[in-house]
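Me: I've got a fold open here and want to check the labels on it one by one. Could you set each label against its cut-off for me?

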Amino acid sequence: LHPVGSGGGLGQPGGALRLSCVDFGGGTLGKFAIAWFLQGPGEGREGVSCISASGISTKYENSVEGRFTISRDHAKNTVYLQMNNLGPEDTGVYFCAADQWTVRTACVIYDGSMNYWGEGTPVTVSS
């Protein structure tokens with residue numbers, strides 16, 4: 001599995017972007033819980049959100065709760081992160097990662113639990 005994020009770019013403060021996570025490794029993303037992480041400029045990697053393999057459970061960090069929505073489309077083998085009401089604090093590189101061990105109905109936002117990482121997609125929020 002090789003999950004890769006895309007859809008980043010320049011966003012306006014208060015605007016929206018939608019990120020996508022797809023697999024470039026020939027696997028089935030739907031078998032895995034997926035989490036998004038943000039690495040801000042000069043900062044470490046922080047968790048943002050996760051979704052269970054089943055899609056039933058989602059979690060969000062406090063900083064994005066109510067603004068971001070994670071979802072998945074099993075038919076398209078894709079996980080999305082809808083980011084609304086963007087702010088400068090959302091600037092950085094977003095990575096999606098896959099967790100093969102968490103049960104299908106749960107997810108965790110913890111980079112130590114991720115088994116597969118890929119290239120991130122940069123987001124810049126600026127007017």
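**Labels and cut-offs**

Me: C50 and C107 are listed as joined by a disulfide, with 2.1 Å from S to S. What makes that pair a disulfide?

Reply: The rule asks for two cysteine sulfur atoms within 2.5 Å. At 2.1 Å, C50 and C107 pass. As for where they sit, C50 belongs to strand 5 and C107 to the loop between strand 9 and strand 10, so they are distant parts of the chain, 57 residues apart. Keep in mind that this is a predicted model, where local features need pLDDT of at least 70 and side-chain atom pairs count only at 80 or more, while totals for chains, interfaces and linings use all residues. Residues are numbered from 1 along each chain as its sequence is written, and side-chain values use heavy atoms, with hydrogens and water left out.

Me: Why is the disulfide of C50 and C107 called right-handed?

Reply: The torsion about the S-S bond is about 65°, so it gets that label.

Me: How many disulfides does the structure hold?

Reply: Two. C21 and C96 are also joined, again with S to S at 2.1 Å. That link is right-handed too, with 75° about the S-S bond. It spans 75 residues, from C21 in strand 3 (residues 17-23) to C96 in strand 9. With the bonded cysteines numbered in sequence order, the pairing reads 1-3, 2-4.

Me: Are C21 and C96 buried or exposed?

Reply: Buried, both of them, and C50 and C107 are buried as well. The word stands for under 20% relative accessible area; over 50% is exposed and in between is partly exposed (1.4 Å probe, protein chains only). Across the 127 residues of the chain, 43% count as buried.

Me: What makes R45 and D111 a salt bridge?

Reply: A side-chain nitrogen of Lys or Arg has to lie within 4 Å of a carboxyl oxygen of Asp or Glu. The closest N and O atoms of R45 and D111 are 3.7 Å apart, which is inside the limit. R45 is in strand 5 (residues 45-51) and D111 in the loop between strand 9 (92-99) and strand 10 (116-117), so the pair ties together parts 66 residues apart in sequence. The background is simple: side chains of opposite charge can pair when their charged atoms come close.

Me: Why is R45 called partly exposed?

Reply: Its relative accessibility is 37%, which falls between the buried and exposed limits.

Me: How many salt bridges does the rule give?

Reply: Two. D90 and R67 form one of them, with 2.8 Å from N to O. D90 lies in the loop between strand 8 (78-83) and strand 9, and R67 in the loop between strand 6 (58-60) and strand 7 (68-73), so parts 23 residues apart in sequence are tied together. Here both residues are buried.

Me: How do you know what counts as a cavity?

Reply: On a 1 Å grid over the protein atoms alone, a cavity is a set of points where a 1.4 Å probe fits but cannot get out; lining residues have an atom within 4 Å of a point.

Me: Which residues line the largest cavity?

Reply: L29, G30, R72, D73, H74, N77, T78 and V79. Strand 7 and strand 8 each supply at least two of the lining residues. By class there are two nonpolar, four polar and two charged residues; nonpolar covers Ala, Val, Leu, Ile, Met, Phe, Trp, Tyr, Cys and Pro, charged covers Asp, Glu, Lys and Arg, and the others, Gly among them, are polar.

Me: How many helices and strands does the chain have?

Reply: Zero helices and eleven strands. Both are DSSP runs numbered from the N terminus: H or I of at least four residues for helices, E of at least two for strands.

Conventions:
1 Å grid on protein atoms, 1.4 Å probe; cavity = no way out; pocket = protein on both sides within 12 Å on 5 of 7 lines; lining within 4 Å.
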